[in-house]
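The following exercises are intended for a reader who meets this structure for the first time.

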Amino acid sequence: MSEVHRVAPDLLREMWIPPHEMRQAMWSEGIFDRNFAAFRADGPIMGAYMQAFAAKIGFALHYEATGNFVPRRAECRCDGSQARRCMAVVCPQPIRQYWDARIMQQGKITSQGNFEYGWGTYLESPDVPLYYARVREAFAAAAFVVLDEGSLPFPEGELATFAPGDLVMPLSDRITAG
């Protein structure tokens, strides 16, 4: 926790939910085990870090799929959010059904059920590659790598935008601007 506090000082405060609200939130999701806890994952600080993580996944999977870095003139438009929202809005099932979900494996140990990733062509814009990763049902990231922003099927500002080199800067501008 000290590392989280060092990197994002107010993140833990932003995520904290009072105990009675936490129980109500969990019960509404059908979770009654008192050994579990919930936290708020939709604040501006968490959102900025999730978007940066989604961009990193987009850059990494672009390299994995093509063997090339994202070109300097390109952009990575991404969404990193709760899995239900991301997969329903950005990567709905009709799009994903044409891909083979990939898992990590080392010997007999796999990430199956915990982590999957994949890539393909966005069906609405065949020239736009789409990359995604999902951690259980908790978090998902979808990233589009585009050379021409006009080819992106989402309006300007709907998804976070990162260019090669953006992630070497602190995220404070994205936190305060968002």
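The exercises below concern a predicted model and proceed from the whole chain to single residues.

**Exercise 1. The chain as a whole**

Task: Determine how many helices and strands the chain has, and state the order in which the elements run.

Solution. Step 1: The chain has 7 helices and 7 strands. Step 2: Read from the N terminus on, the elements run α-α-α-α-β-α-α-β-β-β-β-β-β-α.

**Exercise 2. Burial, surface and contacts**

Task: State what percentage of the residues is buried, what the accessible surface of the chain comes to, and what percentage of the contacts with a separation of 6 or more is between residues 24 or more positions apart.

Solution. Step 1: The chain has 178 residues, and buried residues make up 40% of them. Step 2: The accessible surface comes to about 11200 Å², with 55% of it belonging to carbon and sulfur atoms. Step 3: Among contacts with a separation of 6 or more, 58% are accounted for by residues 24 or more positions apart.

**Exercise 3. A helix and the residue after it**

Task: Compare the reach of helix α4 with the span expected at 1.5 Å a residue, and describe the phi of G67.

Solution. Step 1: Helix α4 covers residues 44–66, which gives 23 residues. Step 2: The expected span is 1.5 Å times one less than the number of residues; for α4 this expected value is 33 Å. Step 3: From its first C-alpha to its last, α4 reaches 33 Å, close to the expected value. Step 4: Just after α4, G67 adopts a positive phi of about 80°.

**Exercise 4. The N-terminal surface**

Task: Name the residues that make the nonpolar surface patch of about 290 Å², and decide whether M1 is buried or exposed.

Solution. Step 1: The patch is made by M1, V4 and L12. Step 2: M1 belongs to the segment before α1, a helix of residues 2–7. Step 3: A residue is exposed when its relative accessible area is over 50%. Step 4: M1 has 73% relative accessibility and therefore counts as exposed.

**Exercise 5. Salt bridges**

Solution. Step 1: Side chains of opposite charge can pair when their charged atoms come close. Step 3: E3 and R6 meet through their side chains at 2.6 Å, N to O. Both are in helix α1, and because they are 3 residues apart, about one helical turn separates them. Step 4: R13 forms a salt bridge with D10, with 2.9 Å between the closest N and O atoms.

**Exercise 6. The surroundings of E116**

Task: Locate E116, find which residue its side chain meets in a salt bridge, and explain why the pair ties together separate parts of the sequence.

Solution. Step 1: E116 is found in strand β4, which covers residues 115–121. Step 2: The side chain of E116 meets that of R134 in a salt bridge of 3.0 Å, N to O. Step 3: R134 lies in strand β5 (residues 129–135) and E116 in strand β4, so the pair ties together parts that are 18 residues apart in sequence. Step 4: Buried means under 20% relative accessible area. E116 has 16% and therefore counts as buried; R134, at 17%, is buried as well. Step 5: The side chain of E116 also makes a polar contact with the side chain of Y132, at 2.9 Å. Step 6: With neighbours within four places in sequence left aside, E116 is in contact with A101, R102, Y132, A133 and R134.

Definitions and conventions:
Residues are numbered from 1 along each chain as its sequence is written. This is a predicted model: local features need pLDDT of at least 70, side-chain atom pairs count only at pLDDT 80 or more; totals for chains, interfaces and linings use all residues. Side-chain values use heavy atoms; hydrogens and water are left out. Patches are made of residues with over 30% relative accessible area and no salt bridge: like charges are joined within 9 Å, nonpolar side chains (Val, Leu, Ile, Met, Phe, Trp, Tyr) within 5 Å. Accessible areas come from the Shrake-Rupley method with a 1.4 Å probe; for residues, only the protein chains shown count as cover. A salt bridge is a side-chain nitrogen of Lys or Arg within 4 Å of a carboxyl oxygen of Asp or Glu. Helices (H or I, at least four residues) and strands (E, at least two) are DSSP runs, numbered from the N terminus. Buried means under 20% relative accessible area, exposed over 50%, partly exposed in between (1.4 Å probe, protein chains only). Contact means heavy atoms within 4.5 Å. A polar contact is a pair of N or O atoms within 3.5 Å; within protein, one must be able to donate a hydrogen and the other to accept it, and residues adjacent in sequence count only if both atoms are side-chain atoms.
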